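Let's take a friendly walk through this structure. Have the sequence and the 3D view open as you read.

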Amino acid sequence: MNPYHILWADDEIDLLKPHILFLQTKGYEVTPVFNGMDAIEKCTDPKFDLLFLDENMPGITGLETLEKVKQIRPNLPIVMITKSDEERIMEQAIGSKIADYLLKPLNPNQILISIKKIMDNKRLISEKTTSGYQQDFRQLSMAFGDNLSHEEWADIYKKLIFWELEMENGGDKSMKEILDNQKSDANTYFAKFITKNYEEWLNNPNISKPLFSHQLMKKKVFPILTGDQSVFFILIDNLRLDQWKILQTTFEEYFTIEEESTYYSILPTTTAYARNSIFAGMLPAEIQKAYPNLWVNDDDEGGQNLHEEELLQKNMQKNKIEGKMTYHKITQLYQGKQLADNINNLFSNKLNVIVYNFVDMLSHARTDMAMIRELAPNESAYRSITKSWFLHSPLFEIIKNITNKKSRLIITTDHGTVFCKRPYKIVGDKETTNDNLRYKQGKNLSFDEKNVYFTRKPERLFLPKRNLSTTYAFTIEDYFFAYPNNFNHYVSYYKDTFQHGGISMEEMIIPFISLKSK
């Protein structure tokens with residue numbers, strides 16, 4: 001690595017020779033100048049990586065020099081050095097976006113720490129991240145082969161997300177490839193875990209099992225509907241656990257996190273099944289049986305999530321939950337703005353449910369629009385777009401208003417999405433009408449059974465059964481279904497897109513966050 005070049009401006013530069021010699025022994029090149037004008041002239045040379053700038057120099061002052069240097073080299077890191085600890089000077093320097101601020105008399109190690117903090121920050125973070133992941137890699141890989149519980153799988157997923165986000169902030173590219181491969185391996189083992197246990201979880205009340213979609217309201221939300229405090233339940237469709245983690249710091253500015261946990265989405269991991277189950281407090285087949293007029297099958301006409309408010313009302317009545325409830329579904333920008341403008345009208349209600357559909361629309365837009373695919377070519381970019389949307393959305397304004405009223409807030413989702421890379425051939429008859437790429441249902445489905453979770457007894461998974469030979473098939477890992485008669489089109493159009501409906505950690509292990517206003 002080439003040595004860093006430091007430009008040091010100080011009218012008493014001769015007195016600083018011991019410090020300059022010290023830096024040279026550490027491999028840095030230092031060019032001294034005696035005044036601000038020389039510093040301004042020299043900084044035009046792109047070889048300089050850092051400027052040390054004395055605040056109190058005759059002629060043009062350090063602050064004046066700082067302003068002019070920023071005009072020439074706006075991204076050049078500058079360390080202001082001064083004898084004065086006057087607050088006004090500090091504020092002016094910091095306001096001009098200095099990289100650091102040091103007080104005389106200087107200490108050699110103080111100078112070295114400042115340089116490393118500024119110039120070596122990314123390298124040091126990368127080395128620490130790589131070292132930390134290398135230590136965890138073997139432990140994670142060995143764990144996949146163990147007989148893990150649903151809690152342990154959630155912990156593994158959280159740990160993989162942790163390292164994924166750490167490497168985004170600085171990490172060796174080769175280690176990122178290793179992490180991607182390890183995450184893929186984890187999903188392979190997770191799919192085996194789900195296919196082995198899912199049916200028994202739903203049918204055996206006496207075994208340990210995850211919290212599922214249909215239990216969420218009763219177990220997590222209804223118990224906190226006590227007292228006079230209003231509760232806002234915000235469900236952001238398609239919000240994955242990694243997306244929550246990049247939003248978390250923003251929420252923590254306004255709220256105290258009382259609970260940060262996960263639960264498991266039911267299958268299929270889609271809005272029509274999972275979200276109806278959340279609000280009804282029932283599994284899909286139970287909803288169809290109890291409220292046939294409120295359930296819409298895949299091949300029926302009409303929207304499948306038009307009756308969520310009615311299902312929630314019935315769920316509250318069944319659980320003897322009293323008090324006013326409001327329900328708001330946001331699918332357009334103007335609806336979010338209207339709700340933000342009228343949020344003060346909701347604080348007297350016991351429960352306010354807000355369903356926000358942006359993240360779901362983003363994943364589908366990424367499939368359908370070339371521009372969005374360019375903006376979000378991978379998972380890192382997908383997370384970045386999610387955060388940018390949130391910070392500029394009416395939802396953020398709604399949340400800030402909630403904290404001002406000291407209300408309770410729940411953030412959750414109905415399912416996640418997975419980045420699909422591999423096509424999987426399936427054949428179905430004309431009754432296989434749903435266009436979801438991660439699951440299919442029909443009476444004459446044909447597919448290689450090797451990498452698919454399927455059932456010919458939908459009642460065992462509490463799924464609606466259209467006829468005696470109805471089969472449900474779910475993709476695993478990063479596969480997506482494609483029909484052989486138009487196979488190349490499906491592959492080119494849907495490869496490297498975000499989809500949901502099947503079995504993966506990203507789709508099934510999803511966040512539940514309970515927050516309290518600070």
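## About the model

This is a predicted model, in which local features need pLDDT of at least 70, side-chain atom pairs count only at pLDDT 80 or more, and totals for chains, interfaces and linings use all residues. Residues are numbered from 1 along each chain as its sequence is written, and side-chain values use heavy atoms, with hydrogens and water left out.

## The second largest pocket

Rolling a probe the size of a water molecule over the atoms shows where empty space is left. Here a pocket is an open set of points on a 1 Å grid over the protein atoms alone, where a 1.4 Å probe fits and protein lies on both sides within 12 Å along at least five of seven lines. Lining residues have an atom within 4 Å of a point. Grid points are joined across faces, edges and corners, and a volume is the space filled by probe spheres set on the points.

The second largest pocket holds about 470 Å³ of space. Its lining has 23 residues, and Glu164, Lys176, Asp180, Glu379 and Lys421 lie nearest the centre. By kind, the lining divides into 14 charged, 6 polar and 3 nonpolar residues. In this count Ala, Val, Leu, Ile, Met, Phe, Trp, Tyr, Cys and Pro are nonpolar, Asp, Glu, Lys and Arg are charged, and the others, Gly among them, are polar.

Helices (H or I, at least four residues) and strands (E, at least two) are DSSP runs, numbered from the N terminus. At least two lining residues come from each of α7 (150–168), α8 (173–203), α17 (379–391) and β11 (418–420). Helix α8 gives the largest share, 7 residues. Asp180 lies in α8 and is partly exposed, with a relative accessible area of 33%; the bands are under 20% for buried, over 50% for exposed and partly exposed in between (1.4 Å probe, protein chains only). From Asp180 to Lys117 there are 63 residues in sequence and 29 Å in space, C-alpha to C-alpha.

## The nonpolar cores

A nonpolar core is a set of buried Ala, Val, Leu, Ile, Met, Phe, Trp, Tyr and Cys residues joined through side-chain atoms within 4.5 Å. The largest one has 96 residues, and those touching the most other members are Trp153, Phe190, Tyr198, Phe251, Leu409, Ile411 and Ile503. Helix α8 gives the most to this core, with 10 residues. A second, separate core has 24 residues, among them Leu216, Tyr263, Ile278 and Met325.

What does Trp153 touch, not counting residues up to four places away in sequence? The list is Phe144, Leu148, Ala186, Tyr189, Phe190, Phe193, Tyr264, Met505 and Ile509, where contact means heavy atoms within 4.5 Å.

Glu477 sits in the loop between β16 and β17 (479–482), and counts as buried because its relative accessibility is 9%. The side chain of Glu477 makes a polar contact with the side chain of Thr188 (3.3 Å). Such a contact is a pair of N or O atoms within 3.5 Å; within protein, one must be able to donate a hydrogen and the other to accept it, and residues adjacent in sequence count only if both atoms are side-chain atoms. Beyond its neighbours within four places in sequence, Glu477 is in contact with Asn187, Thr188, Val418, Arg422, Arg438, Ile503 and Ser504.

Asn357 is in the loop between β9 (351–356) and α15 (358–368). At 11% relative accessibility, Asn357 is buried, and its side chain makes a polar contact with the side chain of Arg275 (3.3 Å). Phe419, in strand β11, is buried at 9%. Phe419 and Ser504 are 85 residues apart in sequence and 10 Å apart in space, C-alpha to C-alpha.

## Backbone points to check

Most residues other than glycine have a negative phi, and most peptide bonds are trans. A cis bond joins Lys104 and Pro105, with omega about 0°, and Pro105 lies in the loop between β5 (100–103) and α5 (108–119). Another cis bond joins Leu267 and Pro268, with omega about -10°.

Phe462, not a glycine, has a positive phi of about 55°. Asp496 also has a positive phi, near 65°, and is partly exposed at 27% relative accessibility.
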